[in-house]
Amino acid sequence: MRMSQTLIPTLKEAPSEAEVPSHVFMVRGGYLRKVAAGIYSFLPLGWKVVQKVERIIREEMNRAGASEVFLPAVIPAELWQESGRWDQYGAQLLRFKDRKGGDFVIGPTHEEVISALVRSDVRSWRQLPLNLYQIQTKFRDELRPRAGLMRGREFIMKDAYSFHVDERDAEREYRKMYETYQRIFTRCGLAFRAVEADTGNIGGSLSHEFQVLTETGEDALVACDSCDYAANVEQAVARAPADPQTASEQCKRVPTPGQHTIAEVSAFLSVPPNRLVKTLIYLADGKPIAVLVRGDREVNEIKLRKALEVAELLLATDATVREVTGAPVGFAGPVGLKIPIYCDLEVQALADFVVGANEADAHLKGVNVDSDFKPTASADYRMAAGGDRCARCADGHLRAHRGIEVGQVFFLGTKYSKPMGVTFLDVDGLEKPAQMGCYGIGVTRIVAAAIEQNHDKDGIIWPVPLAPYEVAVLELQQDDDNVIATSKRLYEELTAAGIDVLYDDRDERAGVKFKDADLIGIPFRLAIGRKGVAEGVVELKRRSGSEVRKIRIPDAAALVAAEVVAERRV
């Protein structure tokens with residue numbers, strides 16, 4: 001493609017709301033333009049990258065035995081009401097009425113539609129298993145869209161859904177999709193980690209996220225330094241303390257005037273935060289409970305909600321805390337509380353710790369579990385953190401990472417098939433609900449994640465499999481017939497060799513072309529200038545390196561094509 005014949009409007013500056021590198025460089029590099037908050041138009045460069053991601057996904061999904069379909073973006077409310085998600089999904093679900101007053105949604109995901117499709121045409125166990133996928137635009141009405149393609153409202157997703165006669169076969173397909181995803185992200189040239197995850201709005205009993213590791217990621221992860229265990233911190237478990245401490249003090253009241261926070265109480269009493277215990281008051285399905293974690297820890301509300309088996313878990317208001325404890329926020333404690341108390345395992349193993357006294361301006365020192373209060377239950381209620389001991393192996397410790405979620409696989413069981421009547425007749429003629437799995441990949445998020453992981457101060461550094469073009473041919477002088485002829489010949493020879501080439505034939509200064517090539521991030525750059533052509537050479541530079549090589553013009557196309565092919569992950 002000649003740059004003079006396409007639309008690549010590079011910019012020197014990015015808009016003020018572009019904060020992360022992928023957003024900055026995709027706007028500056030002419031990959032996308034904002035239409036509204038969280039909604040973007042893809043320009044030719046951006047769309048070529050999306051198409052390359054989609055090609056890899058299609059090849060691997062087809063290789064795994066899945067079949068591609070295309071489902072409607074506009075979905076009638078009746079299907080969401082059947083599954084129960086019409087009332088559950090929340091404000092991210094974009095609802096509207098048609099001219100006849102019918103309720104519809106713009107699909108953020110398609111479990112309901114695919115379930116309705118399969119139930120209408122699958123009758124027998126002989127038609128299963130079945131794995132259907134699509135690549136389509138989705139819409140989720142994010143309250144605060146940000147970071148360009150990483151947290152937009154409209155995005156492109158690959159979503160697949162599988163149907164099975166039993167759990168065993170569904171789990172087999174889950175593992176197969178897990179392996180398929182590993183191949184997809186490896187072929188995309190990404191450094192990633194599969195981590196255990198919460199199932200969220202999709203539901204189900206088992207899930208893994210595929211996270212691209214980068215400092216700009218919005219997800220917090222932990223991974224063991226000794227085994228392959230990794231998890232989102234919302235899901236991660238850590239080993240309980242091996243040796244409970246021995247109590248040696250008696251509980252006593254100490255005045256702490258005006259000291260509300262852990263940091264304030266710690267400094268005032270000269271006690272480290274890990275010797276303090278926070279007492280947090282929650283409403284679990286409307287009923288007050290107390291949760292205890294060490295002062296240097298945070299409550300994991302997802303773990304807590306699952307352990308309590310409640311639908312709604314809310315942190316209590318200041319007024320409720322005062323009503324339950326008799327004290328203002330900052331002075332709650334478990335001693336004397338008349339509500340259920342849930343104690344984290346680290347607190348269970350702690351001795352002689354400090355808690356609030358359930359009265360203003362006072363705390364209790366020398367407090368111990370069982371002797372001073374009886375917990376209703378003790379379990380892992382805390383947010384895992386770097387440095388915790390791994391719960392899956394004997395010697396490992398968890399290390400903290402940041403990541404961008406680019407894919408997730410779910411084992412759904414019968415969460416959708418039962419309420420929506422997705423049934424089949426088994427070998428004995430009995431009607432049974434299908435077991436289901438679903439498997440999503442954020443196509444446009446892969447594009448952003450690849451840039452977050454591959455860039456420098458000058459622009460993008462594309463992995464070859466995702467690059468919009470693999471080689472940039474820079475024609476440095478437009479007034480030299482030999483330069484023009486050589487540039488054109490190399491462009492044609494590389495194109496004939498099956499290489500994706502961007503030919504910069506614009507009437508611009510050489511410095512502009514070099515800067516734009518770095519900004520756009522094409523993996524290989526061939527610079528053709530007057531002096532080099534006179535010497536019979538052109539200059540080859542890798543975007544990811546600093547070395548500039550002079551290569552003979554007759555050898556240039558074959559040499560560059562060979563290097564490009566070697567970099568492709570087939």
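Reader: How many salt bridges does the structure hold?
Author: This is a predicted model, in which local features need pLDDT of at least 70 and side-chain atom pairs count only at pLDDT 80 or more, while totals for chains, interfaces and linings use all residues. Residues are numbered from 1 along each chain as its sequence is written, and side-chain values use heavy atoms, with hydrogens and water left out. With a salt bridge taken as a side-chain nitrogen of Lys or Arg within 4 Å of a carboxyl oxygen of Asp or Glu, the number of salt bridges in the structure is 49.

Reader: Which residue forms a salt bridge with Asp 388, and what parts of the chain does the pair tie together?
Author: Asp 388 lies in the loop between strands S20 (377-379) and S21 (398-413), and its partner lies in the loop between strand S15 (287-294) and helix H8 (301-308), so the pair ties together parts that are 91 residues apart in sequence; helices (H or I, at least four residues) and strands (E, at least two) are DSSP runs, numbered from the N terminus. Salt bridges that share partners join both residues into one network, which also includes Arg 294 and Asp 296. The closest N and O atoms are 2.6 Å apart, and the partner of Asp 388 is Arg 297.

Reader: Is Lys 138, which pairs with Asp 159, buried or exposed?
Author: The closest N and O atoms of this salt bridge are 2.7 Å apart, and the pair links strand S8 (residues 154-164), which holds Asp 159, with strand S7 (residues 130-139), which holds Lys 138. Asp 159 has a relative accessible area of 2% and is buried, a word that means under 20%, with exposed over 50% and partly exposed in between (1.4 Å probe, protein chains only). At a relative accessible area of 0%, Lys 138 is therefore buried.

Reader: How far apart are the end C-alpha atoms of helix H2?
Author: Helix H2 covers residues 44-63, which makes 20 residues, and the expected span is 1.5 Å times one less than that number. The span should therefore be 28 Å, and this agrees with the end C-alpha atoms, whose separation is 28 Å.
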